[in-house]
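Student: Could you take me through one part of this structure up close? I'd like to look at the aromatic rings and what surrounds them.

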Amino acid sequence: MNREEMETFLKNYRKDALKEIKDNYFQLELDDSGNYVRMNRDMFKLIHSELIQQVQCIEHNLKVIYATINSGDFVENFESLSKTNLGMIIKELKKLELEGIDTELTEEDYKVIDEIRIIRNYWCHQCYIDYVYISDDKQREKMFQLIAGKLHYDELQTNDLSEKIEKIRLIIVKHKKNSK
């Protein structure tokens, strides 16, 4: 095989490999309206990982917001929440609001954050248990697809809030930096 034939072979091989990956590994099927229909296990794991990342970033950004707007030292404020769960972070932020400090979060945001606390607990502690131990293959697949549909919905919801809280964090930190 000469150099040109080798390059053609490798180009075709890469194209075929990418098509195989797309066709066989990361499948997410939506209907014409964009509603979830089904996904495979590899896509489930990828989306599950994205959801966990988003929830961790939401939690971290809320801690940064709290540490920035609370009176006192940023590091001490942040460390005071280092082992705190999302529910306690929400309570601490609401306390600041009662003291007249604007967190930039709306009541709707707090409601969604609380829902995300529940979402996080499910996806971290329960989702695999709900289908993995079903012995009947058809029933297990049916339950998996129900859970995968919930994952698809929850990931979209956490993504929107993650982006919003990241923007709020940036605004608050910039505002605090400029006010010094």
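Tutor: Let's start where a charge meets a ring: the charged end of Lys150 sits over the ring of Tyr122, 5.2 Å from the ring's centre. "Over a ring" here asks for NZ of Lys or CZ of Arg within 6 Å of the ring centre and within 35 degrees of the ring normal. Lys94 does likewise with Tyr110, lying over its face at 5.1 Å from the ring centre.

Before going on, a word on what you're looking at: this is a predicted model, where local features need pLDDT of at least 70, side-chain atom pairs count only at pLDDT 80 or more, and totals for chains, interfaces and linings use all residues. Residues are numbered from 1 along each chain as its sequence is written, and side-chain values use heavy atoms, with hydrogens and water left out.

Back to Tyr122: ring pairs link Tyr122 with Phe44, Trp123, Tyr128, Tyr131 and Phe144 into a cluster. Rings of Phe, Tyr and Trp (its six-membered ring) pair if their centres lie within 6.5 Å; planes under 30 degrees apart count as stacked, over 60 as edge-to-face and the rest as tilted. The structure holds 8 aromatic pairs. In one of them, Phe44 and Phe144 have ring centres 5.1 Å apart and planes at 55 degrees, so this pair is tilted. Phe44 belongs to helix H2 and Phe144 to helix H7, so the pair ties together parts that are 100 residues apart in sequence. Helices (H or I, at least four residues) and strands (E, at least two) are DSSP runs, numbered from the N terminus.

Both Phe44 and Phe144 are buried, where buried means under 20% relative accessible area, exposed over 50%, and partly exposed in between (1.4 Å probe, protein chains only). Leaving out residues up to four places away in sequence, Phe44 touches Met39, Trp123, Tyr128, Tyr131, Phe144, Ile147, Ala148 and Leu151; a contact is heavy atoms within 4.5 Å.
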